[in-house]
2 protein chains.
Amino acid sequence: METKHKYKTISSDINIARSIKLKPITEIAQSITIPEKELIPYGKYIAKVPLELESEDKIKKSNLILVTSITPTKAGIGKTTVSIGLALGLTKIGKKAVVALREPSLGPCFGMKGGATGGGYAQVLPMENINLHFTGDFHAITSAHNMITALLDNYNYQNRGTSDVLKEVVWKRVLDVNDRYLRNIVTGLGENGNGVIQESGFDITPASEIMAILCLATDIIDLRRRIENILLGYKTDGSIFTVKDLGIAGAITVLLKDALLPNLVQTTENTAAFVHGGPFANIAHGCNSVIATKMAMSHGDYVITEAGFGADLGAEKFYNIKCRKSGLQPKLTVLVATAQGLKMHGGVPITHIKEENINGIKQGLENLEKHIENIKSYGQTVVVAFNKFTTDTEKEISLVQEFCKEREIGFAMNNAFAEGGKGAVHLAELVVETIEKNPSEKLKFVYKDEDSFKLKIEKIAKNTYGASSITFSKQANQKLKKLEDSDMRKFPVCIAKTQFSFSANPTAYGVVRDFDLEIRDIIINRGAEFIVVIAGDIMRMPGLPKNPAAMHIDLVNGLVEGLS
Amino acid sequence: METKHKYKTISSDINIARSIKLKPITEIAQSITIPEKELIPYGKYIAKVPLELESEDKIKKSNLILVTSITPTKAGIGKTTVSIGLALGLTKIGKKAVVALREPSLGPCFGMKGGATGGGYAQVLPMENINLHFTGDFHAITSAHNMITALLDNYNYQNRGTSDVLKEVVWKRVLDVNDRYLRNIVTGLGENGNGVIQESGFDITPASEIMAILCLATDIIDLRRRIENILLGYKTDGSIFTVKDLGIAGAITVLLKDALLPNLVQTTENTAAFVHGGPFANIAHGCNSVIATKMAMSHGDYVITEAGFGADLGAEKFYNIKCRKSGLQPKLTVLVATAQGLKMHGGVPITHIKEENINGIKQGLENLEKHIENIKSYGQTVVVAFNKFTTDTEKEISLVQEFCKEREIGFAMNNAFAEGGKGAVHLAELVVETIEKNPSEKLKFVYKDEDSFKLKIEKIAKNTYGASSITFSKQANQKLKKLEDSDMRKFPVCIAKTQFSFSANPTAYGVVRDFDLEIRDIIINRGAEFIVVIAGDIMRMPGLPKNPAAMHIDLVNGLVEGLS
């Protein structure tokens, strides 16, 4: 939940969620022409939908809209709220709109950032379920990932002392929790029979390659093919060792067969929403599943999807990875900005961003401008959605509006948090009009498949982030060199970088110039078919703050309190 | 699955499972007077049932039957198959019978032993779902357990350098996988910010204290109380530090609120079955949840439940922990024996137990006899269920029958694996008749709440196992001494010991005499309200064999293959 500061004026998300009369999921399904008999229910308000309900014809006719944002504050910019709000606004003006979002992770939910089901009167429901175990997709991914590790370590253990033992293991473990102690561990300690001592570590489940595979797979056959291809390590002769070599692709596919099906839920105004897959955009590729997006497009004329964090991370990966690989072509990109976010980028201290600061907004607009330029470079038409907060002043809003007008960029307010669909009607009208009159061109990717990995990284770093130079660690250099000669050389790159800055320095707000981007390490996701490029100090397993959200979550008279 | 050796003569479990026409779970519920509107569906054939449907009146009138077994072979004795078979047999003779079982763990399912849904024509269905993620209960337990660890480590990390840091941490982590490398690990390694270096380790999820709590809790209030009481470590002044002290009991309760509800499924003959909770009986207390047993008793006149492995482990813990704490009083105990198991105990090498061996059976009967004596010592009436295999000969069977007759112990054949309920009619008739004419007395526990821990352990070791002496490690001695002076001194003891012998030596079959039982360590489960006593080399995280079951599991044309 990205809008905690509004709790005082508007009822809390969970109270609003509870005040909504949910419709049975069968009715929601019927509203998008999915018959009851096709649904796999998980309780009365959640269902999985079989893949057979995808329709290539309808996908071609559907209008895909990406929602992204300026560089976010710690509280977020409200992309999910705007995405849901836009779906509600479109419904209000008579369009058939479906939103396709990511599933929340228990890590941030019990840690700092909170859940990820929107906010106020623009939520997906039932939020308690979606924010907790939901349909078990994350658990299935965790299970599948760690089952591979156990079987891999067992392979090495059973073959110890022989030449079949791997020379190097590159596969770790995952848990869906924020646990800094698990980042670097040593396993196999203790007396004989506990394995062989080796370094390992846990990433958070949203960073699992299995998560990426689930989100990029087009069907169960493709899922299995990708699982087979996962790189686990290297044999003594230097050749690669994969899940296929380990002989367990079938077992892992079995563990994921239900998780692959997209989850249908509803919004605060009882419209259909698909919530499926949940990679983070700072440490992974940040988009919901291709399957869910296509399922939404098979059942809606306007499909709104979001990509995590700022446009430098989520949108870049949405275009260059998700769209490149799936063939999806967004008709429009909606860029979300807030007055508070702009003020932060304009140099206003975080403690003062709720106060009017005209100069702060003015200075901060350069962050918005850089993101607009970046999005346009993909051939995308972009409109700005100003996500309204009660602390915003007329003067501040006018400044942003004026800025967009000068540049002939569509501008509309989103007030769905406070008003639901009614608060997003202007935005919806702008979106429909823009798609009709001035839809995006065919995507122009920032790099080509054929570019070397270093060139791919350089193009993103320089064109998207604004870096002036790139430094590769010795380790990164070695790995990239090896990759250039491999069958993976055409893979896209997925840069892991802080979400708080265009650079790898999380305290450099606004637009950062003349900086060097340090590439620390490379992780090969051979099954997901991209390489993860670690920039700066970003870690793939978050930690917990001094006062974690878990301290405030409780069950009171059978009702969940404190989830947001 | 405990009967793999029959695959050649009878269709495989999964093929039989697939040949059964499942009824919608709503119909199964109706058959035991649970209305459709009360169900929380997980797909079409699985549902959770709200706790409000428990009825104290009906529980008092229902006949509870425990199914246990002789000391098992590696393939098991077929307790689950007999339990389900008995429910089917009882239904065949017109009784309202419900079976209450444990949920399988992914560890053995992908490792060696296989799933745990019965076999042949006596299974609970849909077996693919039950053996895989089912309703996510195990995942919720894993999540809750590791969330506590992350929050505990974070507490120590945030307070590092202060006197608030714990002097000692006794809480580890769990995963539902067989992974020997995770038994002993060191966490918090690497650069600053990754925590503080400390020893830790993972148990398998069925050994989690959260699993025990879920299985012993009577309702959500009791669940929360127990979670609050979990011992996490010791403060610098030597006093205990619990989940309540950490301030996260509410959050953990929220993670478990759905897992607490019992799961309703159906048998191969479409009768109702509750499958809920899954502690192993060698490393934990080995019984399904009190809630599920009571829910089954609220809806069936005869309720069949099982406790894991041999009667020295599962039945002992069923009586001394589950029944003592819940007030349940079984009317009868069914002791399952197989010719192959008896031959193994009679000194026949494992490779030859499928061949007729009269002397082997004769010698092996002393294992059966010792278990009968033990069960009788609780005031339980016991009957022997001979679980039939195609390799058994008439002569072998007669020997066992004769043995029982001499001792006035009821004897009946179970052939439900091959014939379903029809194959268990004799057993069902024997059970009904025995309960009518000669029901069990009120349970006589082997030890009193007031006994010292050493005396409790000694009584089980000497009376149940037949040990002549007990040796406590220095560590166990110290911990027990501390416990005797604590508010936990009335807790029962849960002995973790190999399932393959009355002793702690897994290769000592039959009856073992004049042996010393070595107590290696003590683990305090303050929330579950028992202490775990580690005897011998038993490990709470299993390993994988050279050729794990995962190698044979696959998805073929959308169907799961290789699960058993």
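Predicted model: local features only at pLDDT ≥ 70, side-chain atom pairs only at ≥ 80, totals over all residues.
Start where the chains meet. Chain B puts 68 residues in contact with 68 residues of chain A. Together the two chains bury about 5,800 Å². Carbon and sulfur atoms account for 63% of that area.

Polar pairing also occurs across this interface. Between chain B and chain A, 29 residue pairs are in polar contact, counting pairs with both residues at pLDDT 80 or more. Several elements of chain B give two or more residues to the side that touches chain A. Among them are helix 5 (106-110), helix 7 (137-158), helix 9 (220-229) and helix 11 (249-256). Strands take part too, including strand 1 (40-41), strand 8 (173-175), strand 9 (185-187) and strand 24 (554-556). Which element of chain B gives the most to this side? Helix 7 does, with twelve residues.

The rule finds four of them between chain B and chain A. One pair to look at is Asp179(A) and Arg173(B), which form a salt bridge. Their closest N and O atoms are 3.0 Å apart.

Now turn to helix 13 of chain B, residues 311-326. This helix has 16 residues, and a straight helix of that length would span 22 Å at 1.5 Å a residue. Helix 13 spans only 19 Å between its end C-alpha atoms. Look along it for a bend. Where does helix 13 of chain B bend? The bend is at Phe318(B), and it is about 35°. Helix 13 is also mostly covered, with 15 of its 16 residues buried. After the helix comes Gly327(B). The phi of Gly327(B) is positive, near 80°.

Last, move to chain A and find Lys48(A). This residue sits in strand 2 (residues 47-48) of chain A. Is Lys48(A) buried or exposed? Its relative accessible area is 1%, so Lys48(A) counts as buried, the cut-off being under 20%.

What does the side chain of Lys48(A) meet there? It makes a polar contact with the side chain of Asp137(A), at 2.8 Å. A polar atom of the Lys48(A) side chain also lies 2.7 Å from the backbone oxygen of Leu261(A).

Note on methods. Residues numbered from 1 in each chain as written. Chains lettered and ligands numbered in written order. Heavy atoms only, no water. Helix = DSSP H or I, 4+ residues; strand = E, 2+ residues; numbered from the N terminus. Expected span 1.5 Å × (residues − 1). Bend = angle between axes of the 7 residues up to and from the residue. Buried < 20%, exposed > 50% of the residue type's maximum accessible area, 1.4 Å probe, protein only. Contact = heavy atoms within 4.5 Å. Buried area = accessible area lost by both parts, 1.4 Å probe. Salt bridge = Lys/Arg side-chain N within 4 Å of Asp/Glu carboxyl O. Polar contact = N/O pair within 3.5 Å; in protein donor to acceptor, adjacent residues only side chain to side chain.
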